[in-house]
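Please look at the sequence together with the fold below, and keep both in view while reading the report that follows.

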Amino acid sequence: MTDQHTEPHADPGTDPATDLRIRPAEAADLPAIVAMLADDRLGAARESPDDLTPYRRAFERLADDPNQYQVVAERDGRVVGTLQLTIIAGISRRGATRSVIEGVRVHSDERGSGLGTRLIQWAIDESGRQGCQLVQLTSDASRTDALRFYERLGFTASHVGLKLSLEAGA
């Protein structure tokens with residue numbers, strides 16, 4: 001991200017034995033990030049790893065916004081996980097600041113290794129450092145394994161999320 005952006009803290013649980021660290025994403029990480037976004041049934045239908053142009057534009061917007069954190073998990077010099085954390089100031093809940101976790105992905109070779117837990121714990125910890133009183137996320141209802149994963153980490157399905165697509169032709 002840019003110098004004006006408050007960098008997220010490094011993963012305090014970095015394990016030198018496995019060379020795993022969570023760090024801010026760089027533009028050079030985009031091919032790996034997009035490949036992970038596209039590596040499932042839902043992502044394959046909506047992501048385009050062959051054309052990184054829109055992803056580069058989005059990355060620049062994120063880099064210019066001090067409330068956005070795109071991070072990657074890197075093991076042995078290879079990007080193996082990613083997520084986006086957004087900090088949102090609000091009036092509701094007595095002026096609470098909240099965070100939203102989006103785009104969580106773990107490389108298929110790393111699934112089941114505990115990396116997803118490490119990424120989400122990093123996001124929760126960073127949210128606390130940013131003064132958030134609430135951490136929220138959404139997951140597609142068809143991702144039953146992901147829903148169970150988030151519930152094991154303490155998230156509750158307390159609300160119903162709705163979306164309206166504004167894509168051309170939708």
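## Overall organisation

Among the contacts in the protein with a separation of 6 or more, 63% are accounted for by residues 24 or more positions apart. The model in which these contacts were counted is a predicted one, and it contains six helices and five strands. Read along the sequence, these elements follow the pattern β-α-α-α-β-β-α-β-α-β-α.

Of the 170 residues of the protein, 36% count as buried. The protein exposes about 10200 Å², and carbon and sulfur atoms supply 51% of that area.

## The strands E2, E3 and E4

Strand E3 (78–88) is mostly covered, since nine of its eleven residues are buried. On one hand, E3 is joined to E2 by eight bridges, and the two strands run antiparallel; on the other hand, seven bridges join E3 to E4, and this pair also runs antiparallel.

Individual residues show how the pairing is arranged: glutamate 74 has valine 79 in E3 as its bridge partner, while leucine 85 stands opposite isoleucine 101 in E4. E2 and E3 form a hairpin with two residues between them, and in that turn aspartate 76 has a positive phi of about 50 degrees. As a general point for reading such strands, the side chains in a regular strand alternate between the two faces of the sheet.

Which residues of helix H3 (residues 53–63) are buried? They are Tyr55, Phe59, Leu62 and Ala63. These residues cover an arc of only 95 degrees around the axis, and therefore they lie on the same side of H3.

The buried residues of H3 pack against H1, E2 and E3. On the other side of the helix, by contrast, Glu60 and Arg61 are exposed.

## Helix H5 and its cover

The buried residues of H5 are Leu115, Gly116, Leu119, Ile120, Trp122, Ala123, Glu126 and Ser127. They cover an arc of only 150 degrees around the axis, which means that they sit on the same side of H5.

What covers these buried residues includes strand E1 (20–24), strand E2 (68–75), strand E3 (78–88), strand E4 (98–106), strand E5 (134–137) and helix H6 (144–152). H5 is followed by glycine 131, whose phi is positive, near 85 degrees.

## Aspartate 29 in its loop

Aspartate 29 has its place in the loop between E1 and helix H1 (30–38). Is this residue buried or exposed? With a relative accessible area of 7%, aspartate 29 is buried, because buried means under 20% relative accessible area.

A polar atom of the side chain of aspartate 29 lies 2.7 Å from the backbone nitrogen of glutamate 26. Leaving aside residues up to four places away in sequence, aspartate 29 touches Arg23, Pro24, Val72 and Val79.

Key: Residues numbered from 1 in each chain as written. Predicted model: local features only at pLDDT ≥ 70, side-chain atom pairs only at ≥ 80, totals over all residues. Heavy atoms only, no water. Buried < 20%, exposed > 50% of the residue type's maximum accessible area, 1.4 Å probe, protein only. Helix = DSSP H or I, 4+ residues; strand = E, 2+ residues; numbered from the N terminus. Arc of directions from axis to C-beta. Contact = heavy atoms within 4.5 Å. Polar contact = N/O pair within 3.5 Å; in protein donor to acceptor, adjacent residues only side chain to side chain. Pairing = 2+ DSSP bridges. Areas by Shrake-Rupley, 256 points an atom, 1.4 Å probe, with all protein chains shown as cover.
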